[in-house]
Each structure stands twice: as C-alpha cells, then as structure tokens.
Amino acid sequence: MAELSQNTSSDLSGLPVALGDIHAAADTILGAVVETPCSYSRTLSNICGCDIWLKFENLQFTSSFKERGALNRLTALTPEERARGVIAMSAGNHAQGVAYHAKRLGIPATIVMPVGTPMVKVENTKHHGAEVVVTGATLEEAATYARSHGEARGMIFVHPYDDPLVIAGQGTVGLEMLKAVPELDTLVVPIGGGGLISGIGIAAKSIKPTVRILGVEAWLYPSMYNAIHDGNLPARGDTLAEGIAVKSPGKITTEIVRRLVDDIALVNEAELERAVATLISIEKTVVEGAGAAGLAALMSDTSRFAGQKVGLVLSGGNIDTRLIASVLTRELAREGRLTQLSLDIPDRPGQLAAVASLLAEAGANIIEVSHQRTFSDLPAKATLLQLVIETRDSAHLDEVMAKLGASGLSARCT
C-alpha cells in the first residue's frame, strides 16, 4: 500500500457544499433511502488491532450508496426538467440509483454504461426501468457519449460525482456514521470520482474537525492520487474494483479532496480480493471490489491504525456470482487450503489408488483428478497425474508434501 503525507488542512470555507446542504439532503432522502447499520466488528477488530465499525451501504435497495446522491439530484429537478428526462453515465452503481429513483418519481431515464460493466449491474439497471446503452471502452468515453446523446434530446445530465447536490447526498453517509459512533477517529472511504469522500469529508470535518479521512484507490486507477500530487502513475487494466476505476476525477471533488482528505492509499488486486473474501467469511456480507477497498487498505497496513476507532464504508455490493466464486477460490489457494499438485507416476494399475491412500492418510481431500498421457515429456510408460487437493492451511500442505516425498513420489505444487 502506498500513502500520502498527512494533510493537516481542514478549511471548509468557500466549498460548493456545506454541512447545511448535507442536512437538507438527509431530509430529502429520508424514508426513500435506507439508513444503513454502522456496526462494530469484533472479529475484524481483533484481527487488525483496532476498533472497526462497518457502514453497510451494500444493504441499500440497489446495493450501493449511490442512491443518496442520485435521489437528492433528481428531487431538485423542475417539473419541466422531469418531463424532458435524465441521462447518466455509470459503471453500474450510479446507474442503478438513478434508474430506480427516476422510476419512482416518474422521470424517463437513459443510462450509458461502458463496455465491460459487470452484467449484474447492466441487468439490474434495466430491471429498474431505464433505457441502457452500453458503449465506450472507459467511463470517460461513456460520459462523452452520454453528454452528446442527452444534449441532442434535451435531457438533463446527472453526473455521478461532480455535482454539489450529488456530493451533498453522499455526505449523508458521514452524518449517519458520526451520529451512530461519535467517537470515530478515522473514516476510510473508497475513491472513484470523489463524490462519496467529498461529501463524507465535508460532513465529518464540519462535525468533528479532528477526524481523519483516508481515501483508498486501486493501484490500477490512481487518478485522484495523481491529481492531488501531480503524479503520472498509469491508469489502466481490469480491476476487481471497477466501481472506482475512474481515469479522471471530478474538478469539484478534486478540490475538496485536496483540502479535506488526510491520506490516499493505493491497494493492489490481491489485497482487494482478500478483503472481499474476508467480508464474506467473517461478516457474511457480499461486497464488491470497490466496497471492500477500505478493508483492503486497513488489512495491508494494520500498524497505522493501531488502537484507533475506525469507520469503514462498504460502499457497494454489486458483484457477479461467478466473480465471487473466483475470488473465494483464489483466496483458498493463497491460504494453502486449495492446491494443484503434479506427480510423475508409472502408468499401471493401482498407482492412482496408492496416491489417494497416501493423501487420505495425510488428511487431504481430493477435489479434482486428471491424467495427462499425451501432452507430456514423460516416457510412454509414465503419466502426469494432476490433482487439486484441499488442506487445512499452508502448514498442513507442507505435511502432505513431506508425506508424498517420503513415499518416493515426485510431487510439486503447480
């Protein structure tokens, strides 16, 4: 994890959003958006050496905090603007928030989503009644299309983050967290375009100036990191945290982050996967890569949070089930609980049974078996036996490998 030096400034003067705007947004969305739990996690606190509260924004109806800002913006439209309809670009969560509340309010909505958006987000957006257009390799290309398409049809563009009303709506997350747990020292918030951390930063610093705000981005998309420090780290590739895969953060949000956010951390893909898997296994809650970014930052450097009272925002839970399965399986492999073995054995009856017997004696479970006789450099009277086995942990795996070696088998992890 990389971090920035602490920002000691908490100047709130002249910002386009004030605490009063966030309180007004809270009144606007009251009853239409869930006031999600902000709950203490005893197990994560024990693991990480600090007191951790989780803000479960993945429990919103559309499984994301984005509903807050979307509803606050849509409610502000005039009757004439509502009749013209709205258009938005989004990698998924803003799309669903706009689509759902636009349908509730009787506003026609069109959503432009970049190619590669998870299918669950595309289908959910359609389910909420919006017209969906999938185009553009990046969120920025989708935004360009959305603006031109909307202007040609007189539609109102609803920006996912660079809009004061949207920022105010997202800031209600901060209000709720400090209302539930006033003693929080640090808030850890994912950063994509910057709307969520901007709103939370304004709310939190207004209520409790001493609170620290830590932003988190994926290493593959360090756009706000670059913007704040005039950096040139590349932004590219496929990330588990597609919800914060933004190449260009907002102008409004960049200024707010520069003034109010204390640090920005960057987390890699393995750290994001570990955080998603940990939240499923410990908290029994499904969180997408972007939503798990805060926990990823904390688990990658627990020493910086030692003894603190930390609030983590689980910003969203829209993730494909296939991807969840892949993440969980990969994490089992990293923990030494799921391993692929290759063994060179004579191609004659009883050899597979002998290997299976040895593994059973060692307490390992065989998940998959494959014989490779053709595509191998082994002699014609030998075969490559490939197994996927389950063990308790890496220490148990070492015991299994030692037992196989002692029996004279040439086994290797692949």
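Two strands count as paired where DSSP finds at least two bridges between them, and strands (E, at least two residues) and helices (H or I, at least four) are DSSP runs, numbered from the N terminus. By this criterion, Phe 56 stands opposite Leu 314 in β10. The structure is a predicted model, in which local features need pLDDT of at least 70, side-chain atom pairs count only at pLDDT 80 or more, and totals for chains, interfaces and linings use all residues. Residues are numbered from 1 along each chain as its sequence is written, and side-chain values use heavy atoms, leaving out hydrogens and water.

Strand β10 (residues 309-314) runs parallel to β2 (residues 51-56), to which 6 bridges join it. Of the 6 residues in β10, 5 are buried (under 20% relative accessible area, 1.4 Å probe, protein chains only).

A second topic is the open sheet of 4 strands, ordered β12-β13-β11-β14 with antiparallel pairing. Its edge strands, β12 (365-372) and β14 (410-413), each pair on one side only. Within this sheet, 9 bridges link β11 (residues 338-346) to β13 (residues 382-390), and Leu 338 has Glu 390 as its bridge partner. Helix α15 (residues 351-361) packs on the sheet and touches β11, β12 and β13, contact meaning heavy atoms within 4.5 Å.

Turning to the helices, α12 (residues 269-283) and α13 (residues 293-300) pack with their axes 8 Å apart, at an angle of about 105 degrees. The two are therefore roughly perpendicular (65 to 115 degrees), with axes fitted to C-alpha atoms over the stretch in contact and angles running from 0 to 180 degrees between N-to-C directions.

How values were computed. Buried means under 20% relative accessible area, exposed over 50%, partly exposed in between (1.4 Å probe, protein chains only). Angles under 35 degrees count as roughly parallel, over 145 as roughly antiparallel, 65 to 115 as roughly perpendicular and the rest as oblique.
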